[in-house]
Structure formats: structure tokens, C-alpha cells
Amino acid sequence: MAMSQEVPATASQPEIVLGNALTPLNLDELFGRFAPLQVDLGCGDGSFLAASAAANPEQNFLGVERLLGRTRSACRKIVMGELTNARILRCDISCAVHSLLPPASVDVFHLMFPDPWPKRRHAGRRIVTESFFASIYHALTPHGSLRITTDQVDYFRKIESLTTTAPGFVPTADEQMQSGSSTFEKRFRQSGMEIYRLVLRKVSPVTKLLASH
């Protein structure tokens, strides 16, 4: 499979400049090494990404963010922290998940506080769909995980419902220590809002089928 010819990013210039948005990233080239990869989908200003990368130098961290202002903020945190293991990709989450991440390349996905699109007529714009789960499954390493956090209980229940029919995922205990919090999570905690979490582990569809019987 051909890899996209992106401009290599560095700790001093952590933003990935895509040469081709239709072929997978060459992750080893982008990070200058092979290491377990965590991907923060919608990384915002990079608070969680930078804290996690600083606490886990043996792992690589990729933030995906669509908005320019947030991308620049995340890049500044990486530069100020001299984090050689963190990179930022400015593009839509759906594009990154469906097209840019190679098969079996990601150990952990983080999806924190995705836009809930609360109005009924906008519900179709939500990122978490059956297609989303299929692409996440494709990109995850064996036994990799998807960690979802939201403050919207109705969206959370919908995601839970989707997981029951999504082949290849089973809920698991939240065993991974969080290195930091996103700006959204800090804000919600300060206001006393309840936060809902779901951790899904990749398994073979056969394993899930056997476990359900």
C-alpha cells in the first residue's frame, strides 16, 4: 500500500503537512522511530496530548484537529515542551480515521467530548457511527482500544447501543491511567457536570460472538 508523501514533522515543527490526503501516513518517518501510537481525535488545544506525551516518552502521540486556532495552540504546547514524540495533523476526524491511518497502526484512540449535535435534525452529523467503528477497528492493533468520553448522556447511550451491534469490540475496565485532562474536561469538572466514559477493546468478531453466548 502506497504511503502519502507528507512533509516530515519535528518537535520544533510538529504539524504534519499532507502531500496526499487519500493514502496512509508513513508513521515511522513522521516520528523518526517505531513505537506504540496513541491518537487523540479532536485534540483541541493539545492539553491532554501534550501532558500524555510528556508522561509517556516511550510512546508516540498524534493529535487530529480540524480548527486552525486549536492546531496552532497544540503545536505551541509541543514546541514549548520539547516533545519529540508528539505530532499534530490538521484535518477532519473522519478523513484521518477512514483514509490516513494505516491498518493495525494505532494502540489507543481517544475520542473526548465529540460534538453531540443535540438537535434531532443534526444527529446524522455525529462522528460515532457504524462506519466509524469499522474504520477504528481497521486501524487498531490487535487488542487495541478506543476510549470515549462525553458529558452528553443521550449521546453516550446511543454510542453504547451502537457497540452492541459493532463486531469486534467489547467493553473493558478503564485500566489506563490518564496523564492529563483536556480543557473541556477540566471545565466540565469545575462546573460539576457528570462525565461518561466507555473503553472498548478490539477483539475478533468470533471472540465477541462466543462471549455473547
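**Ground rules.** I number residues from 1 along each chain as its sequence is written, and I leave hydrogens and water out, using heavy atoms for side-chain values. Since the model is predicted, I ask for pLDDT of at least 70 for local features and 80 or more for side-chain atom pairs, while totals for chains, interfaces and linings use all residues.

**Entry 1, the sheet.** I started with the strand order. Eight strands form an open, mixed sheet, and the order reads S1-S4-S3-S2-S5-S6-S8-S7. S1 and S7 (169-171) are the edge strands, each pairing on one side only. I took strands (E, at least two residues) and helices (H or I, at least four) as DSSP runs, numbered from the N terminus. Two strands count as paired if DSSP finds at least two bridges between them.

**Entry 2, around S3.** Which way do S2 and S3 run relative to each other, parallel or antiparallel? They run parallel, joined by five bridges, and Gln-38 has Phe-61 in S3 as its bridge partner. On to S4: five bridges join S3 to S4, again parallel, with Val-64 partnered by Leu-89 in S4. I then checked the crossovers. S2, H2 and S3 make a right-handed β-α-β unit, and S3, H3 and S4 make a right-handed one too. Right-handed here means that, with the strands pointing away from me, the path from the first strand over the helix to the second runs clockwise.

Is S3 buried or exposed? Six of its six residues are buried, where buried is under 20% relative accessible area, exposed is over 50% and partly exposed is in between (1.4 Å probe, protein chains only). One face carries Asn-60, Leu-62 and Val-64, the other Phe-61, Gly-63 and Glu-65, and both are covered.

S6 (140-150) and S8 (196-202) run antiparallel, with six bridges joining them. Arg-147 stands opposite Val-199 in S8. Helix H6 (153-165) packs on the sheet here, touching S6, S7 and S8, and its direction makes about 20° with that of S8. Contact is heavy atoms within 4.5 Å; axes are lines fitted to C-alpha atoms, for helices over the stretch in contact, with angles from 0 to 180 degrees between N-to-C directions.

I looked for nonpolar cores, meaning sets of buried Ala, Val, Leu, Ile, Met, Phe, Trp, Tyr and Cys residues joined through side-chain atoms within 4.5 Å. The largest has 37 residues, and Leu-62 and Phe-133 are among those touching the most other members. A second, separate core of 11 residues includes Ile-78, Leu-83, Ala-86 and Ile-88. Leaving out residues up to four places away in sequence, Phe-133 has contacts including Leu-146, Ile-159 and Leu-200.

**Entry 5, salt bridges.** My rule was a side-chain nitrogen of Lys or Arg within 4 Å of a carboxyl oxygen of Asp or Glu. How many salt bridges does that give? Five. One is Glu-15 to Arg-90, at 3.9 Å from N to O. Glu-15 is in S1 (15-16) and Arg-90 in S4 (86-90), so this pair ties together parts 75 residues apart in sequence. Both ends are partly exposed: Glu-15 at 29%, Arg-90 at 39%.

Arg-66 and Asp-92 form another, with the closest N and O atoms 3.8 Å apart. Arg-66 sits in the loop between S3 (60-65) and H3, and Asp-92 in the loop between S4 and H4 (93-100), so parts 26 residues apart in sequence are tied together.
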